[in-house]
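Here are some notes for a colleague who is about to look through this entry. They take up the ligand and its surroundings, then the domains and the backbone.

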Amino acid sequence: MNEQINELKVQLDSQLSQVSTTQELEGIRVAFLGKNGSITELLKKMGGLSPEEKKSFGQAVNVLKGYATQAIAAKVEELNKIELEKELNALPEIDLSAPTHLVKGSYHPITLVQRHCENVFRTMGFNIEDYSEVVTDYECFEALNIPKFHPARDMQDTYYLENGQLLKSHTSAAQNAIYKKYKDDLINEGRPIRAIFPGRCFRNESTDACHENTFFQMEGVMVDKNISISNLIFFMKTMLSEVFQRDLKVRLRPGFFPFVEPGFELDISCAICGGEGCPSCKHSGWLELCPCGMIHPNVLKEGGIDPDEYTGFAFGLGLTRLAMMKYGVKDIRDLNSGNLTSLDQFTDDK
Ligand code: FA5
């Protein structure tokens with residue numbers, strides 16, 4: 001008889017150690033302590049025992065019953081706690097201290113212009129690509145015709161990790177990977193490479209009304225046979241007129257970037273002051289928005305594309321500055337400030 005009691009205890013312990021839900025636990029309780037449960041059944045067997053055996057066996061079964069009741073109650077508490085934690089973790093985080101008039105939320109102005117530009121380029125057949133914020137020196141500079149110690153690196157000081165990687169200083173850092181990803185489609189199937197890749201960029205530089213140390217750009221590239229500067233100008237014009245929905249004063253002037261030849265600076269007339277000059281445009285009336293140019297043969301070669309057969313254009317649109325101009329934000333630093341009162345005004349664009 002005592003063996004049966006020990007065996008039941010072992011079974012109970014083993015089942016309790018494996019149970020993971022309160023429903024399963026209730027099944028175990030019924031199987032051991034219910035009306036026809038195995039411990040209750042033991043008590044029913046006492047009828048045929050001598051009075052002394054009854055006493056000692058009855059005591060042993062009652063000890064087991066007490067043990068089972070307690071062990072099951074402790075397990076109920078443990079499982080309830082786990083289930084509650086799971087439910088709480090599944091709930092969205094609510095900031096109870098947030099002012100109620102802001103709770104409805106809105107998309108950030110940079111997200112709004114980014115999506116707008118993505119839609120414009122998607123309709124013109126461009127793929128939208130995502131790329132890492134941490135890149136190698138090769139991706140950010142060397143693959144772009146900027147070898148070590150090239151003076152162009154001074155314009156793009158950034159933040160370096162101990163392992164030699166860096167936070168990308170421009171979205172051009174993804175160009176080489178994009179060429180390698182699509183070159184077979186271009187070469188074997190004659191499908192032009194058309195891609196845009198928006199992303200966050202970082203620069204170790206002083207901030208002012210139109211410079212941040214963390215800002216967004218959107219790179220675009222197109223490679224095919226016979227791509228020329230006219231194609232580049234067409235895509236730039238289409239993008240700007242779609243985003244601003246009005247004619248803008250734009251100027252194209254020569255600009256030097258080692259990864260394009262020829263290279264241009266595309267400036268727009270400052271939308272904050274209407275070209276009069278203000279701190280947002282460094283009092284020039286113009287804002288550098290979208291440098292661009294014809295992809296340098298060395299860069300195409302490094303991406304596995306023959307520059308004698310293919311040509312292409314690339315541009316690096318300043319998305320954060322575009323958001324400033326589109327929404328009339330005078331100081332670029334307001335866009336990263338997390339100041340909900342100033343960001344909330346864009347709610348209606350949601
Ligand atoms: C570049 O970053 C080149 N990679 C762009 C390029 C791509 C040229 C492809 C040719 C072909 P630049 O450093 O000028 O170039 O930056 C491009 C744009 O990003 C600027 O016109 C500006 O709109 C924005 N930008 C640059 N630095 C900052 C900054 N500190 N804060 C906010 N916007 C910035």
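Which polar backbone atom is 2.9 Å from a nitrogen atom of the ligand, that is, to which residue does it belong? It belongs to E212, and this pair falls under the definition of a polar contact (a pair of N or O atoms within 3.5 Å; within protein, one must be able to donate a hydrogen and the other to accept it, and residues adjacent in sequence count only if both atoms are side-chain atoms).

1. Basis of the note. The model is predicted, with local features needing pLDDT of at least 70 and side-chain atom pairs counting only at pLDDT 80 or more, while totals for chains, interfaces and linings use all residues. Residues are numbered from 1 along each chain as its sequence is written, and side-chain values use heavy atoms, with hydrogens and water left out.

2. An N or O atom in the side chain of S172 lies 2.8 Å from a nitrogen atom of the ligand, and the side chain of Q217 has an N or O atom 3.0 Å from an oxygen atom of the ligand. The protein buries 96% of the 670 Å² that the ligand exposes when taken alone (accessible areas by the Shrake-Rupley method with a 1.4 Å probe).

3. The shell. There are 24 residues around the ligand, of which H170, S172, R203, E205 and E212 come nearest (a residue is near if one of its heavy atoms lies within 4 Å). By class, 11 of the shell residues are nonpolar, 7 are polar and 6 are charged, where Asp, Glu, Lys and Arg count as charged and Gly is among the polar ones.

4. Strands at the ligand. Both β5 (214-224) and β10 (311-318) supply at least two residues of the shell, and β10 gives the most, with 4 residues (strands are DSSP runs of E, at least two residues; helices are runs of H or I, at least four).

5. Domains. The assignment, which is automatic or from a database, gives domain 1 (2-90) and domain 2 (109-343). Their centres, taken over C-alpha atoms, are separated by 69 Å.

6. Backbone points to check. The peptide bond from E261 to P262 is cis, with omega near 0°, and P262 is placed in strand β7 (residues 260-269). N145, a residue other than glycine, has a positive phi near 70° and is found in the loop between α6 (137-140) and β3 (166-167).
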